[in-house]
Amino acid sequence: MDLGPGIFKRSGVAFLPGSFKGLFLGHLGNAPLVIARGGYSGIFPESSQFAYQFALATSLKETVLLCDLQLTKDGAGICRSDLKLDNSTTISTAFPKRGTTYSVNGQSVHGWFSVDFTSDELLGNVTTIQNIFSRPSIFDGNLPLSMVQEISRFHPSQFWLNVQYDMFYKEHKLDPAKFILTASENVVFDYISSPEIGFLKSLNGKLGKAKTKLIFRFLAADAVEPSTNQTYSLILKNLATIKSFASGILVPKSYVWPANKDKYLEPSTTLVTDAHNLGLEVYAFNFANDQPASYNYSFDPTAEYLQFIDNPNFSVDGVFTDFPSTASAAIACLAHNKDNAAAQKKRPLIITRNGASGVFAGCTDLAYQQAVKDGADIIDCSVQMSKDGVAFCLDSADLMGDTTAMDSFMSRSALVPEIQKNNGIFSFDLTWSEIESLKPVLANPLSSANLVRNPAAKNMGKLMTLATFLDFAKNSTVSGILINIEHAPYLASKKGLDIVTAVSSALINASYDKQITQKVLIQSDDTSVLSMFKNNSSYKRVFKVEETISDSPKPAVDEIKQFADAVNIAKTSLIASSNSFLTSFTPVTDKMHAANLSVYVSGLRNEFVSIPFDCFSDPMVEIATYAAGLAVDGIVTEFPATARAYFRSPCSDVEANLPFSILPVEPGSLLKEAQPELLPPTQAPAPALDAADIVDPPLPPVVKVSETAPGAAPESSPTHPSGQPANAANAALLLLMMVLSFIYLSYQ
C-alpha cells in the first residue's frame, strides 16, 4: 500500500517552501535539523515505508531520514534500529527455530539476527511490527523491511546512516564500510554516524568527492567504546581528538541537559559550547513525545525541544526524534515566540480547570498564580461550601482526593448518594478552619499509566476562599473568571447551605456585578442554578454537559438556550473515538453554534496517554484540532501554558502562508491506512442529548439544619484536633472517672 497525497493532507501538519527568518540558528548558521529516527516511528513500525513517507509528509521539508544499518547474511543492507530483529519484526514467528545466542560487545545476547538470514528470506517472509507497546499496533505485520537503497526513492532532503555494530559484523565476515562504499555509488549518504571510532577512521578519505559528514555517536557514559576500550565519559573529556576523524558528535540528550534522580532538570552542561568552539557539530537523540524526560516540561514535548534549540546560551544542530512533526513545530513555529502576542485576531478562550492544576495542586494560590503567568484568559473556581458557610474553591466537595483530609478526618467519612457513589469526607461536614488546616494534594489523574505530575509540589500551596479568589482575579491580568456551582439542591435541603446566594453575594461584594472589564461566566449542570443569575446581563451562563454524547437534537439545544449562553462539553462529545483513534466529528458543535451557543471543550490534558494516536501524542495538535478544526470558543485545560504557546505561535493561523503550519487532524484518516482485519472492534456510539434531561426542578428552600427531615444524616459532633468526636471523648473520660471512683471506694 502506498501512502499517497491524501493522507499527507490529512496528517495534521503542512509545510510550504520558505525561510526560517528569526529562528535561533545552530553552529553553522542553519536552522537545527529534524532527524526522523526510522521515519515517523512514533506511529508506524520504525523504518517501514509508511514511517518514512509519513515523516516527510508531516515535517519540515529539510527533515533528514535516518536508517540504522543492519547487514544480512548475503551482505545486503536493511534498516532496523535493533540488532535483534525479533524486537521489531515477525521473524520469530516466521522462523521459530532459528533464534541464536551471540556475543555483542562482550555481552551474551539471544535473539534473531540479520546475519543468519539472506535478504530474500527476510523480504519474502518477515514484516515489521511496532516495538513500543504504548504505540499503535494496527499497522503490524503489513509492512515489509526497508532496504537501504529504497530510502532514496522517498526523495528525502538528506539521508543519515547510523552504523551501530561494525565490529559485530566483521566478526561474522561482513564489512559495513565496504557496503557503504559500494552503495554510495547510487545512494547519497549525507551523514554517517557510529559509536565505534575504528569504523569512522576506516572511512576517512574513502568516500571520494561525497560531502558526507562523519559523526561520532556517544553511548551511555559508563559504556565502553570497543575500538579503544575507553569509556565514553573518558572520551568526552578529550573532545579535541574527535575533530581528527569526525565533523560532529551525536549524544544522548542527557549529556546536554541532565536530570537528577527525581527527574528534574539540572543546569545544562557546557558540552554544546565546548564542541562548537572546537568546530564540532552537536546532535542530540532520545526524543519522543511518549517518553517524558523531566517534570520541568509538564508533559509538553515541544517544551523539551525548545530547551535544546531556544535558550540564551546555545542551540544543538539537530535532534533525533520518533515524532518529527512535533520537532518541526518547535523549530519553525515556537522558537523565539515566548513574548509574542497571540497570532490570531480571534481565537478560543484559554479557560483553566482548577487553575494550572497540571503543575500545582488545583484551586490553590500557586495554581492560580501559575495560570496567570502561563497566559490563561479565564481562571475558574469550582465553589464548595464548608459546614459554617464559607464558600471556597476546590474541584470536588469530597476532600479525600484533593487534600490530606484522610490523615485527620477519616472518622468524618460518609456516604452521600446525591453527591457520589463512594464514601467521602465532605466539605460541608467540616468547618472552614478545619479545611484550612489541611494540605492540598496535586491530583494525578493518569497515575495508573505511571504518569505523575510535578511531585516536588505535591502538597504546595493554600486553598482560597471564593472572596480571596475574586480579589486575586480582579487584580490580575486575566480577562475573566468562571464560577462553577454544583450540588445546590442537596446543600440547600440537607445542609442548610445556600451556595447560590454565597456566590452572588461574593460577586457583588467584589463589584463583579457592575464592572465590565472582566468577563464573568457562571457554570452549572443545573438549569435552576443558572436561572438564578438570568437577571444580571453582564454574566454569561454556561451549561455543563456532564455525560458523553454523540448528538444534540434541536429540542435539547432549544432547552439549553433558555438557560445558557454557552456549553461546556467533553472533548469525546465533539469528536468520536474508538480505542484511542479518532473516528468522526459529531454534529454537536455545529448544532450548538447554530443556536448561537458558545462551545467550550474540556478534557484536554498534556499527558500522551490522554491524546488520540491521530494527534501524534502532541497536545498542540489536539488543541489545533478543536480550535481550528471545530472552531470551538474555549479550550478548558489544566495546562494553560501549552495552549497559550500554540495560540501565540504564527503557525496556529491556518490561513497564513507560512513555511510550516500546525493543522487539525481529520478523524478517521489514520484508521483508513490500516488493514481492515487489524482494526479494533467498532464501539457503540454514545447516546444523543435528551431534552427531557436538561431542565431541573426549582431549587428547594434553604432549611435550617435543625429542620432537616427525619432520616437525614445527623450533624457531625464537635471535633478535637485528633479528629475524634468530642462527645465520644467526654464519654470515655466519664467512664474513666467512674472506674477510678469504684477503685477508690473499694479501698476505703
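Helix H10 (301–309), helix H12 (365–373) and helix H23 (640–648) each put at least two residues into the lining of the largest pocket; helices here are DSSP runs of H or I with at least four residues, strands are E runs of at least two, and both are numbered from the N terminus. Bear in mind that this is a predicted model, where local features need pLDDT of at least 70, side-chain atom pairs count only at pLDDT 80 or more, and totals for chains, interfaces and linings use all residues. Numbering runs from 1 along each chain as its sequence is written, and side-chain values use heavy atoms, with hydrogens and water left out.

Back to that pocket. H23 gives the most to its lining, with 6 residues. The whole lining comes to 41 residues, and Asn296, Tyr297, Ser298, Ala303 and Ala641 are the ones nearest the centre. The volume is about 1,000 Å³. As for the terms, on a 1 Å grid over the protein atoms alone, a pocket is an open set of points with protein on both sides within 12 Å along at least five of seven lines, a cavity is a set where a 1.4 Å probe fits but cannot get out, and lining residues have an atom within 4 Å of a point. Points are joined across faces, edges and corners, and a volume is the space filled by probe spheres set on them.

There are also 4 cavities of 30 Å³ or more. The largest cavity has a volume of about 110 Å³, and its lining includes Tyr297, Pro301, Glu304 and Phe608.

Now for the rings. The structure holds 34 aromatic pairs, counted when ring centres of Phe, Tyr or Trp (its six-membered ring) lie within 6.5 Å, with planes under 30 degrees apart called stacked, over 60 edge-to-face and the rest tilted. Take tyrosine 191 and tyrosine 283: their centres are 5.9 Å apart and their planes sit at 75°, so this pair is edge-to-face. It ties together distant parts of the chain, since tyrosine 191 is in strand S8 (residues 191–194) and tyrosine 283 in strand S13 (residues 281–287), 92 residues apart. Both tyrosines are buried, meaning under 20% relative accessible area with a 1.4 Å probe and protein chains only.

Ring pairs also link Tyr40, Phe44, Phe50, Phe54, Phe139, Phe323 and Phe616 into a cluster. Phe50 and Phe54 are among the buried residues of H2. In that helix (residues 49–58), 9 of the 10 residues are buried, so H2 is largely enclosed by the rest of the structure.

The charged end of arginine 98 sits over the ring of phenylalanine 95, 5.1 Å from its centre; the test is NZ of Lys or CZ of Arg within 6 Å of the ring centre and within 35 degrees of the ring normal. Likewise, lysine 263 lies over the face of tyrosine 295, at 5.6 Å from the ring centre.

Finally, the strands. Strand S20 (residues 539–545) has 5 of its 7 residues buried, so it is largely enclosed by the rest of the structure. It runs parallel to strand S19 (residues 519–524), joined by 5 bridges, and also parallel to strand S21 (residues 566–570), joined by 4 bridges; pairing requires at least two DSSP bridges. Phenylalanine 543 stands opposite valine 567 in S21. With helix H19 (residues 554–563), S20 and S21 make a right-handed β-α-β unit: with the strands pointing away from the viewer, the path from the first strand over the helix to the second runs clockwise.

How values were computed. Buried means under 20% relative accessible area, exposed over 50%, partly exposed in between (1.4 Å probe, protein chains only).
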